[in-house]
Amino acid sequence: MKARPDEALSAREAANLLGVKLATLYAYASRGRLKSLAGTRGRARRYARADLEALRARNAGAAARALRFGEPVLETRITEMTSRGPAYRGRPALELARDRVPFTSVAELLWTGVLPERAKSWPGDAAAWPVRELAKLVPRGSPPLAALAIALPVLAASDASRFDAHADAVLARARRLLPKLAAACALALDPRRLGPALEAGDPARALAIALGAPRTKPALELLNLALVLLADHELNASTFAARVAASTGADLYACLGAAVAALSGPLHGGASEQVEILAREAASASGAASAVHDRMRRGERIPGFGHVLYPDGDPRAAPLLAAARRLAPRSKRVKTIVAILDAIDEAGRPKPNIDVALACACAALDLPQGQGPAIFAIGRCAGWVAHVLEQYEAGFVLRPRARWVGPVGMLPA
């Protein structure tokens, strides 16, 4: 029977509805948070269901919304999410990409709020890197994020001033760190590339050397485009992980390590590699439709399509896909991914997102499978640093709340 809002419940029934003890229920009533109704014919006081439901909603809301003991969301001046994609400090990412703004300049925009008039030059530094020792720690063929996860604490240990959280010190550290992290991606592929990559200074060029990508102007422009489009995306999982670490006062290396750990999950940074696996199942453009339909028949998710923030399609995907096709129009891998796009479109499924575009860019650059997360991580480092700086300035600990729903045995089936 459907419950009536005007129904009066006994104290025991009211406590069960709220999920609290009787003592807590009486405390709510004594403090004025809940009104009790006088009993009739000797019955104990009762409680209106409508009042109980309202109190339960307030209690649940406070716990569900709280990130800073009551604040529902984090305030930011870094990136605004719009229907046309992210806007970095008010500058649409698509416009920055269209204008071929260097990734270093976009990073400076995210960090300082000012877009440099000229491309920023960051220092290259091949010194003080124990290449042989690091190569031993990162087995050949390891996932690219494993190299970053190992490189970060090594770099932290060699930076005696890493706990200096003044904005100027963090900025200087970030400018030295990003090219090194881009170069560190070589450890999982070919450690001999590490030295030349470290000397590059520019993260896009360092990453091209580390991954073994062509260093022609069109190839570097494609890589720069990917880094710019991936630079920030508000409070995604990895960025939030970085902010939680920053809120405790952790140093920049530790904050980026937390972000890399979150990014390594297959539902976040690993999605482009899943697109590559689908393309490998297809084997060629002619097998794309069959591979897609086989996935659908088995009820499996098709990676790289749809995005909860972009019901009309991820705006970042189109320019990256177009650039990849221009760079390598005859590439078998590129043609296969394009055929997958066509098969998905014919099936009426959601539009492509940045992950399938990144997989296509990797194919156009002829990178080994699984290197998309490396490009993703280096690009997103710009946003991570910006959010770390903003969280340092905010000066409070991020402490989400949990809503108690009872022990395991009390959960609904």
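Start with helices H17 (residues 332-346) and H18 (residues 354-364) of this predicted model. Their axes cross at roughly 160° and come within 8 Å, so H17 and H18 are roughly antiparallel to each other (over 145 degrees). The angle runs from 0 to 180 degrees between N-to-C directions, with axes fitted to C-alpha atoms over the stretch in contact. Helices here are DSSP runs (H or I) of at least four residues, and strands (E) of at least two, numbered from the N terminus.

Now show side chains. Select Arg333, Val334, Ile337 and Leu341 in H17. Across from them, select Val356, Ala359, Cys360, Cys362, Ala363 and Ala364 in H18. These two groups meet (heavy atoms within 4.5 Å). The contact residues divide into 9 nonpolar, no polar and 1 charged; Ala, Val, Leu, Ile and Cys are among the nonpolar types, and Arg is among the charged.

Next, select residues 79-82, strand S4, and residues 85-88, strand S5. S4 and S5 pair in the antiparallel sense over 4 bridges; pairing takes at least two DSSP bridges. The two strands form a hairpin, with 2 residues between them. Pick threonine 79: its bridge partner in S5 is tyrosine 88.

Last stop: proline 153, in helix H7 (residues 144-157).

Residues are numbered from 1 along each chain as its sequence is written. In this predicted model, local features need pLDDT of at least 70, side-chain atom pairs count only at pLDDT 80 or more, and totals for chains, interfaces and linings use all residues, while side-chain values use heavy atoms, without hydrogens and water.

Definitions and conventions:
Parallel < 35°, antiparallel > 145°, perpendicular 65-115°, else oblique.
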